[in-house]
Amino acid sequence: MIVGADVTLPDNAGYVVAAYLVFLVLLLIYVVIMATKLSRFERELTELNEIAEKRDEERTRSAA
Amino acid sequence: MYGTRLRALSIATLITLTGGFALAAFYAPEDADQGFMQKILYVHVPLAIVALCGFVFAAVCAIQHLRTGESRWDLRSYVAIHMSLIFGAAVLITGSIWARASWGHWWVWDEPTLVSFLIVFLLYATYQPLRFSIEDRDKQGRYASVFAITAGAFVPLNFLAVRMAQSYTHPRVFATANGGLEPRMKVAFYVCLLGMALLYATLWKYEMTSKNTSAQIKRLRRRLAGDEGALPRRSASPTLEST
């Protein structure tokens, strides 16, 4: 038989949850900022790769 | 290269911080005076300690920058202050929540611990505008380093002054006269502190890796565009010569 345990949180539990949520939210905001930066790096690297490829093509054409 | 050992550091942070919060929730007993509300201590105090240590770390990097003249030390100092400011904002918000729950007010102006932390936070909040106001890169780095050293020296002085203050409402975590923390609370607290320090180190490394990558992309773009002599646009962030 399962004895009913008191699982109710105290009245001021909301403040504790809010404090930990603030920490989590700030961390998530940081993750979003880093994700934005990462996608920018990817975009820029793709662009640079295209420029380098075009350069190589031009070089082979002029050599031929 | 700042990305090395970043994965191991991230995993260690995740394990330590999760473990610390789990210990705080299930292992540490409730405080006799404040009850469940005291659990805020395990996030608020480690954040505050790590933020203040970060400012001191920034000062050490700034000393190295002035000594060697290498821009990578300026960048390290810049990123340390940047991270400590984020941690500081979290300290102020979690502290306000705790104050509201404990004292019935979001902020108490005659409490030296709160006001002194706010002063330190506002002092460092002027760091980025200061950098941005100086166009010359060398001057920017040097002035910022002088600022970081002066403000960094203020942090431990401020900490000692507050500890020596006679009357305060804010409790002392490591008080020796009135017993301090209960042993199980101490274990949970130290694990949370370690986790928070690891989180700071991880985020610092992430930011350094990001800045380094960004600098390398810019350098590559200049090389491919054929204008290697072009000056970078005005920014508060230090530029990396080579890392």
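Reader: Before we start, what does buried area mean here?

Author: Buried area is the accessible area, taken with a 1.4 Å probe, that two parts lose on being put together, summed over both. In this predicted model, chain B and chain A bury about 2,600 Å² between them.

Reader: Nice! How much of that is on carbon and sulfur atoms?

Author: Carbon and sulfur atoms carry 76% of it.

Reader: And how many residues does each chain bring to the contact?

Author: Chain B brings 32 residues and chain A brings 25.

Reader: OK, on to charges. How many salt bridges are there between chain B and chain A?

Author: The count is two. In one salt bridge, the side chain of E47(A) meets that of R221(B), with N to O at 3.0 Å.

Reader: What about polar contacts across the interface?

Author: Six residue pairs are in polar contact between chain B and chain A, with both residues at pLDDT 80 or more.

Reader: Which elements of chain B give two or more residues to the side touching chain A?

Author: Those are α1 (6–27), α2 (41–68), α3 (71–103) and α7 (183–225) of chain B. Of these, α7(B) gives the most, with 13 residues.

Reader: Switching topic, how far apart are the end C-alpha atoms of α2(B)?

Author: They are 40 Å apart, which agrees with the 40 Å that its 28 residues should span at 1.5 Å a residue.

Reader: And what comes just after α2(B)?

Author: There you'll find G69(B), which takes a positive phi of about 80°.

Note on methods: Residues numbered from 1 in each chain as written. Chains lettered and ligands numbered in written order. Predicted model: local features only at pLDDT ≥ 70, side-chain atom pairs only at ≥ 80, totals over all residues. Heavy atoms only, no water. Contact = heavy atoms within 4.5 Å. Salt bridge = Lys/Arg side-chain N within 4 Å of Asp/Glu carboxyl O. Polar contact = N/O pair within 3.5 Å; in protein donor to acceptor, adjacent residues only side chain to side chain. Helix = DSSP H or I, 4+ residues; strand = E, 2+ residues; numbered from the N terminus. Expected span 1.5 Å × (residues − 1).
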